[in-house]
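Please open the model in a viewer and keep the sequence panel at hand.

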Amino acid sequence: MDIEGFLRDCERSSDAAYAALKLLLEKLESPDTRSNARVFLTRLQQRFPSKDDGDRCFRTYHFRIDDVLLHDFQGYQKRKKLTMMVIPSIFIPEDWSFTFYEGINRHPDSIFKEKTVAELGCGNGWISIALAEKWSPLKVYGLDINPRAVKLAWINLFLNALDENGNPVYDVEGKTLLDRVEFHESDLLSYCRNNNIQLERIVGCIPQILNPNPEAMSKMITENASEDFLYSLSNYCALQGFIEDQFGLGLIARAVEEGIEVIKPMGIMIFNIGGRPGQGVCKRLFERRGFRITKIWQTKVMQAADTDISALVEIENNSHHRFEFFMGLVGDQPICARTAWAYVNSGGRISHALSVYSCQLRQPNQVKVIFDFLKSGFQEAGSSLDLSFDDESVADEKIPFLAYLASLLKENSFLPYEPPAGSMHFRNLIAGFMKVYHHIPLSADNVTIFPSRSAAIENALRLFSPRLVIVDEHLTRNLPKQWLTSLAMEGTNDKHEDMITVIEAPCQSDLMIELIKKLKPQVVITGMAHFEAITSSAFENLLNTTRELGARLFLDISDHFELSSLPGSNGVLKYLAGKCLPSHAAILCGLVKNRVYSDLEVAFVISEDETVSTVLSRTVELLVGHTALFSQYYYGCLFHELLAFQLADRHPPAQREPANGNSAKLIEFTSSAVSALNNAELSVTVQKDNSLIHMDLDQSFLPIPAAAKASIFESFARQNMLESETDVRSGIEQLVKNTYGFHCDVSSEFIFANSHLTLFNKLILCCIHEEGTFVFPSCTNGNYVSAAKFMNANIVTVPTKPETGFKLLPDTLANLLESLQKPWLYISGPTVNPTGLLYTNKEITEILSICAKYGARVVIDTSFSGLEFCTDGWGGWDLKKCFSSLPCINSSFCVSLIGGLSFELLTGGLEFGYLILNEPTLFEAFSALPSLGRPHSTVKYAIKKLLGLRNDKSQPFSQVMGEQKAILKVQSERLVKTLISCGWDVIGCHGGVSMMAKPTAYLGKMLKLDDFEVKLDDTNFRQAFLKATGLCINSGLWTGIPSYCRLTFALESAAFEQALQCISQFKKLVLDN
């Protein structure tokens, strides 16, 4: 090759020089011409031997060949230097990259040996080549977005892989640098991600941009782009969409998150970071993404004179953040950006710290799952992610749960149905923990889940309604005030025949037993003193005493139950490992002692009496609804972590003695509870193959919107939430004002709970306390009516007619209210549950006028509204206008608004209930009731985010809402068509998730199956349909209208198609045969 001709080509322009170098690279890549091309480079370097000659070459010929000196270098050739070419369109090695290499050099020799490595922003490739030379990695991938940099890096690789005579330089393993290093054009780690390359080490000397230019990256990147543009690529001038963008760290943040995807579990990342944002910000970039970090090297470098730091001054002016600079290289006290800007403008020079950080994921597999979820459309939620922990035990709880939550939300378009008694998986985990760690052979059927310990206690007492209860003084805090002040003990007269009297007692067993023997209570609820909990003797004494006196015992072990792989000694569980739990006793445990989410509670009750377990689980459904799914998921993760490493069935089942002899006569369930539970159509227990299709649930199984998933994940990912971030009152005020015209003022009381059903049941108790009568329209949610009957409320039904869609008629209502004292009226609206019809503003005004005249307390339940899909001619509600037009108002008249947001906000499995009271006396009565389980801060955070989207009419959220309404409209129309074709009379619906239909053609007909034969009527229709098809519906026993069934249709598409097939199948079995 002709040196003079080559130089003449290079002299014309930098682009011409690059073209000449590309031709040279082609000769280096070809084995036939490689040696001569390398010799040519030797001669070229010799042509410009001194530094001044090299500078002249760079100015004239647009390239330069330099030696990078590496003192005390210990590579396989023990070189003191590398030979490197540079060109104008790439960064020239300087302080940043030299500091970075020094930091890498502080690692032990083994860190890169036989490892797969990627260098980000490799530039001319000198660090990748130095790594391969010194540490003999398996492979180094040098990556750069600048295509010219990649070409030059390949030239430099040949420069150092071959000696001056063009011969390969082999190491002790018989490999050359060409075997160990590759260079590729890549936007950060895109090459590795696209080619599924898993890395063990990622290193990067990535620049920080103080004033990002969003337009810089919008151009097409090609090697023919302008020299200035290609040089700017070394600065990556674009915003990266990360919170760290404001500090110039957005590109590093993106590199770290891409690295999480391709780094192997024990992999290490090493990055160079300028300290201008402050050391805390730099460290937090890594720590909040789940890394443990080590600062392995730090020095100071002068700030480039042409760098404008005014953008940082602006950030300081608008925030509390302060950047860090130093006055010259010797200054040791940091100064802020504003001071640095003033100093520079007065002629001073400033420097900043430059640090090299080594970081490693603390729980790599779980963190990878989390970031895989975030990159699948939930990047915005990543800004709230905080995986930094001062306590490793907190990380051990939170990271696995976030990974599980991320996986659950990513893989499921909707959350599956879980029985009210608790998630079957969660109950199995509790039973499994008891079996493995405490050798107690329980099954999921022995475990019932409650939202809290206080809810479990209250439900148990309402189930038995004992005249006298002795309760541990530490467990009475949430019980009704009237129970704690009543003296309606046996032998006294009291107008409230079912009044419960609670006597507080110390939990010390000898004192408790003395009280039990003297007072002879029907129920005892107690914990155990710490010094008594170690052995089982105190528990045995309590068991024997209560058994002899015929008292039911609920023993609380919350304070002594440890979720640990080395749980402490527990006398109660020791006893249960050797003996069965007697039928009169149950174990109560509240799970609240987690290290991550304070006050996130779930409770469970263990009973080995099948009848008690069954009735408790059915009581949960009527009085509570469901325990928050995400709370069950969290504690389920903790149990799973303790069981996952255990070998299955390693220990034989424990052989236990039967419980001690029969008890004296025990208190039975209340007659009202037994009647309500026997007549209620509660949910069907899920079969083992999970084959049931549910058209009997007030739940939507349509896809959960991305916004809801993001809000749920973000609520659990956050740390240190502000109170304002969980204050949902203003959002709900705006919602009910915009949607229903219901105006609130400072006197309005807002009460929040885990579900709207809980709030409704508290209103029932208020009615009972007032000695009022609760009025239900004859077509009402069957669980609500059953709950009122369970609590022995005085209820009456207002007749409704099919020709008016079973809506409440003013005249019929007036005739009833005229005869009642202290009436309470329940109205489901605007969308009526279960018919799916809509009350118009005129209709609700007429109803409220009647109520105002007779002084009824009105409860408007909006829980099933928000998904109206046929609204032509409806016009919505304006309750403010309605109230102002009421002609005469009795002083006891008031309207309370109850709501749940699962339909309004499409929250899927996230339940939330609210109640708005405008009547002071009603609020006082409500306050005297047992305290509610309040929604956890994580729930309120997610709800507030979604309320903001809905109230602000966010376009994406409004679009999803419209899409779901369209799905419901189509599915309701298809269901109507199928039902009519199969012999049903249908009442068409306009909103919500359910409709009513009468199986006219089937009543009185015979259904004959192999093991089942019955003449169809209201009492057996649901069971017959379930046995024949596996489809769950509600019959007339639930709807309150003889022969009319309720069917919900907010099903996932495949389940909905199966449901339609089941309806057709039933027709074939009954009518076609």
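Which residues does the UniProt annotation "domain: Methyltransferase" cover? According to that unreviewed entry, the annotation spans residues 113–156; UniProt positions are given in the numbering used here, feature names are shortened, and annotations may be inferred rather than shown by experiment. This is a predicted model, in which local features need pLDDT of at least 70 and side-chain atom pairs count only at pLDDT 80 or more, while totals for chains, interfaces and linings use all residues. Residues are numbered from 1 along each chain as its sequence is written, and side-chain values use heavy atoms, with hydrogens and water left out.

Select residues 113–156: the chain there is 45% helix and 25% strand, and the end C-alpha atoms lie 22 Å apart. Helices (H or I, at least four residues) and strands (E, at least two) are DSSP runs, numbered from the N terminus.

Next, display the seven strands of an open sheet with mixed pairing, in the order 11-17-16-15-14-12-13. Two strands pair if DSSP finds at least two bridges between them. Strand 11 (447–450) and strand 13 (501–505) are the edge strands, each pairing on one side only. From one strand to the next, the twist averages 20°; axes are lines fitted to C-alpha atoms, for helices over the stretch in contact, and angles run from 0 to 180 degrees between N-to-C directions.

Zoom in on strand 11 and strand 17 (residues 602–606), which run antiparallel and are joined by four bridges. Thr 448 has Val 605 in strand 17 as its bridge partner.

**Leu 922**

Move to helix 33 (residues 920–927), where Leu 922 is found. Is Leu 922 buried or exposed? Leu 922 counts as buried because its relative accessibility is 0%; buried means under 20% relative accessible area, exposed over 50%, partly exposed in between (1.4 Å probe, protein chains only). Leaving aside residues up to four places away in sequence, Leu 922 touches Cys 766, Trp 824, Arg 857, Cys 894, Ser 896 and Leu 917. Cys 766 is 156 residues away from Leu 922 in sequence, yet 7.5 Å away in space, C-alpha to C-alpha.

**Cysteines**

Finally, select the cysteines. With a disulfide defined as a pair of cysteine sulfur atoms within 2.5 Å, the count comes to zero. Cys 589 is in no disulfide, the nearest cysteine sulfur being that of Cys 507, 15 Å away. Cys 589 counts as buried, at 0% relative accessibility.

How values were computed
Contact means heavy atoms within 4.5 Å.
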